[in-house]
Amino acid sequence: MSRHATPLGILASAWVIARKDLAIEFRTRSAFLSALVLSLLSIVIFFFAWDPTAVGPADLAPGVLWVTFTFSGLLGMHRSFGVEAHDGAMDALLIAPVPRQSIFLGKALANLAFVLGVQAVSLPAIALFYNLAIGPAFGALALVMVLAAIGLVSVGTLFAGMTANTRLAELLLPVLALPFFVPIVMPAANTTANLLAGRPIAESFAWIRILLAFDLVFVYACMLLFPLTLDD
Amino acid sequence: MTDSMTVSARRRRPDPVALVALAVVLIAYGRAIWFTPPEMLQGYAQKILYVHAPAAWVAFLAFGLTALAGAFWLFLKDPRLDRFAESSAEVGVIFTTAVLVTGPLWGKPIWGTWWSWDARLTLTLFLWFIYVGYLVLRGVISEREQRARYSAVLGILGALLIPFIHLSVYLFRTLHPMPIVANPNGINMPPVMIVTFFLCFFAFTCLYVAFVRARMALATERDALDAAVLGDS
């Protein structure tokens, strides 16, 4: 293993791993399509869970969007280490001459692409189904989604790696990860609600600051801690 | 076999720390129930504070020490640190449960509602979720080294998460203020109550030490038994 990995070297090998995961995903498309359908289904089902004359669709949309992103994201992240479970692929990855941080970063990058892909389809879909005007706030919404996705993916990837080879993995991952998603989903949903109500993004700066701080702290912490979760 | 039997025979004798803790708890709560006057406005409902606040203190202490023990384990790899983290987390969950049960009991007569999404209440609830998750994670991993590693990482991340949850729930609450009928203020307490109050803190801290000692003794025996059965280390 290259002990003296430079930051650039870590990123380069992370990119190779991310590309490998995305290539697998692109050729099978099984997880992405499932996550997408799950996301669209929940948007549709949530619409019927409320009385539309009592709660307007625009008030419902932020909550629905973020619950949907959280769960479809978890589905993708669970799979990201699941693909390494067969044929000793995880061991092969570990003996590959790349720094351990690269494995985490690569997996996280692929997961980020996965979550952003689901978001890119779900947002227009909810605008269509709930009759929302997302046009004016699109840039700000995209910013919030990217910031939130980075936070979700950093913690989610680490926990996916930890739970992958335990029994109850698919159940344990949400139990561990969801409390960590609270400081992401709360700012993201509140900001989305503000933006959809036509209020300026400046009103949500306090929330966006939490998102930014969460991303900085947890991307760094998870990258440092990931190698410690692996067997030496 | 004979080894583990002598071990359990030796443990039959009660832990002196537990006896001290029990005595202090009896003194503190005897004083709280019979020798401390009820609060003027809240009446007898206020007495639940003598359980609620010390339990919250022990819960935070327990989880803080769990995270610390985990962090130190990553460097020292001493199995005793992991056993301590395990015991402290479990005792912490018990005390957090006590906080979450006594809170609504007090909230109903004083706030007029069982539950309110108050910032501190919400934080405690999420703390409970994090550490129940911690115990579940420990429960599904049978390999000792791996279990210690994962718990240490989760403990550290949990400690990092707490300020973020606190910030979010605080911001959420200030944006949507909730009616709070009464606000308990610890500083404006008559001396007789303050003495009882701190005695209860001391009592619960002793109780924490006694519980963790008992739980650690159990963990030590379990590890010894595992090692004897599996023949490893």
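Which residues does Ala85(A) touch, not counting residues up to four places away in sequence? They are Met90(A), Ala164(A) and Asn165(A), where contact means that two C-beta atoms, placed from the backbone, lie within 7 Å.

Before we go on, a word on the model: it is predicted, so local features need pLDDT of at least 70 and side-chain atom pairs count only at pLDDT 80 or more, while totals for chains, interfaces and linings use all residues. Residues are numbered from 1 along each chain as its sequence is written, with chains lettered from A and ligands numbered from 1 in the order in which they are written.

Ala85(A) sits in the loop between helix H3 (57–82) and helix H4 (89–95) of chain A; helices here are DSSP runs of H or I, at least four residues, numbered from the N terminus. Ala85(A) counts as exposed because it has 12 C-beta neighbours inside 10 Å. The scale runs from buried (20 or more other C-beta atoms within 10 Å) through partly exposed to exposed (12 or fewer), with C-beta atoms placed from the backbone. Asn165(A) is 80 residues away along the chain, yet its C-alpha atom is 7.7 Å from that of Ala85(A).

Now turn to helix H2 (residues 30–49) of chain A. Its buried residues are Ala31(A), Phe32(A), Ala35(A), Ser39(A), Ile43(A) and Phe46(A). They lie on the same side of H2(A), because they cover an arc of only 115° around the axis, judged by the directions from the helix axis to the C-beta atoms. That buried set packs against helix H1 (7–28), H3 and helix H5 (100–129) of chain A. On the other side of H2(A), exposed residues include Leu33(A), Val37(A) and Phe48(A).

How values were computed:
Helix = DSSP H or I, 4+ residues; strand = E, 2+ residues; numbered from the N terminus. Expected span 1.5 Å × (residues − 1).
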